[in-house]
Amino acid sequence: MAPARNEDQPDPSASSTAPALRAAQLEAVAAAKSSAAAASDSVLTAKDRAEIAFTDKYSSPDVYVDAKKDTLWHPWVGTLELRPLRFETRSGTFVIGLRTPVDAWLGKHRHRGTVTAVTAAGHWGYKEYDWIAGPGDYVVENPGTIHTLFMGAGSEVVFTVTGSLEFFNDDDSLRETMDVFSFAKMYHDHCTELGVEPNQKLWY
């Protein structure tokens, strides 16, 4: 039986095969790129290229929002804070981050459009439901839904909201209606208070 190799000693065979393995991997990547390029050249027709050029000319550009440079957190209700990411004034859709350092509730409200949510951190849910969303969880809320939001300490959620939100008093009378312009105005006013120029690229 061959003696066990000391873990501190290099394996001669490994050192000799590593460069060859690396070279083989690089060749495989180059071959894949070449094959993909060839396939692309052979698949795209003149009609395809014309459609792509038309789309590039008339579509809206892609958007990148740097969370640290292009937007900011601002207070909303109690300990809840908002970070706007997108205001689509044509469709009434807006994208916001919502967070709180401690447990917090947002009063009963109704959605007049679809809402989706992705959990970035912590746990949150609604008084009326038996599920609790955690990091990475995805939620869809349909138009007409009425519920009461609970945000756990340290939670952060990104909501995409279409349409208005109606907030109710304890006696179920309507207290306030908010939409994309309401949230955009809060962000704008907060920037003004800080002496910071609102990021116009958040509007669409």
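Predicted model: local features only at pLDDT ≥ 70, side-chain atom pairs only at ≥ 80, totals over all residues.

Biologist: Noted. Let's begin with the salt bridges. How many does a search of the whole structure find?

Modeller: The search turns up seven.

Biologist: What makes Arg99 and Glu81 a salt bridge?

Modeller: Their closest N and O atoms are 2.7 Å apart. The cut-off is 4 Å between a side-chain nitrogen of Lys or Arg and a carboxyl oxygen of Asp or Glu, so the pair counts. Arg99 sits in strand 3 and Glu81 in strand 2 (residues 81-88), so the bridge ties together parts that are 18 residues apart in sequence.

Biologist: What about Arg83 and Glu156: how far apart are the closest N and O atoms?

Modeller: That distance is 3.3 Å, and the pair forms a salt bridge. This one links distant parts of the chain, with Arg83 in strand 2 and Glu156 in strand 10, 73 residues apart. Both Arg83 and Glu156 are buried.

Biologist: And which residue forms a salt bridge with Glu88?

Modeller: Arg86 does, with the closest N and O atoms 3.4 Å apart. Here the two classes need a look at the cut-off: buried means under 20%. Arg86 has 15% relative accessibility, so Arg86 counts as buried. Glu88 has 23%, so Glu88 is partly exposed.

Biologist: Which residues are linked in a network of salt bridges?

Modeller: Arg110, Arg112 and Glu166.

Biologist: On to the inside. How many cavities of 30 Å³ or more does the search find?

Modeller: One. The largest cavity holds about 120 Å³ of space. It has 15 lining residues, and the closest to its centre are Ile96, Leu98, Leu106, Phe159 and Leu165.

Biologist: Which strands each supply at least two residues of that lining?

Modeller: Strand 3 (93-99), strand 4 (104-111) and strand 10 (156-162).

Biologist: What classes of residue does the lining of the largest cavity have?

Modeller: It has 12 nonpolar, two polar and one charged residues.

Biologist: Now the outside. What makes Val118, Tyr138 and Val140 a patch?

Modeller: They form a nonpolar patch on the surface, with about 290 Å² of accessible area together. A patch member needs over 30% relative accessible area and no salt bridge. Take Val140, which lies in strand 8 (residues 138-141). Val140 has 45% relative accessibility, so it passes that area cut-off. With that value Val140 counts as partly exposed.

Biologist: What is Asp172's phi, and where does Asp172 lie?

Modeller: Phi is near 70°, a positive value in a residue other than glycine. Asp172 lies in the loop between strand 11 (165-168) and strand 12 (174-178).

Biologist: Where is Gly154 found?

Modeller: Gly154 is in the loop between strand 9 (146-151) and strand 10. At 44% relative accessibility, Gly154 counts as partly exposed. Gly154 and Arg99 are 55 residues apart in sequence, with 7.0 Å from C-alpha to C-alpha.

Biologist: Last one. Why is Thr93 called buried?

Modeller: Thr93 has a relative accessible area of 11%, and buried means under 20%, so Thr93 is buried. Thr93 lies in strand 3.

Conventions
Residues numbered from 1 in each chain as written. Heavy atoms only, no water. Helix = DSSP H or I, 4+ residues; strand = E, 2+ residues; numbered from the N terminus. 1 Å grid on protein atoms, 1.4 Å probe; cavity = no way out; pocket = protein on both sides within 12 Å on 5 of 7 lines; lining within 4 Å. Points joined across faces, edges and corners; volume = space filled by probe spheres on them. Nonpolar A, V, L, I, M, F, W, Y, C, P; charged D, E, K, R; others polar. Patch = residues over 30% accessible without salt bridge, like charges linked within 9 Å, V, L, I, M, F, W, Y side chains within 5 Å. Areas by Shrake-Rupley, 256 points an atom, 1.4 Å probe, with all protein chains shown as cover. Buried < 20%, exposed > 50% of the residue type's maximum accessible area, 1.4 Å probe, protein only.
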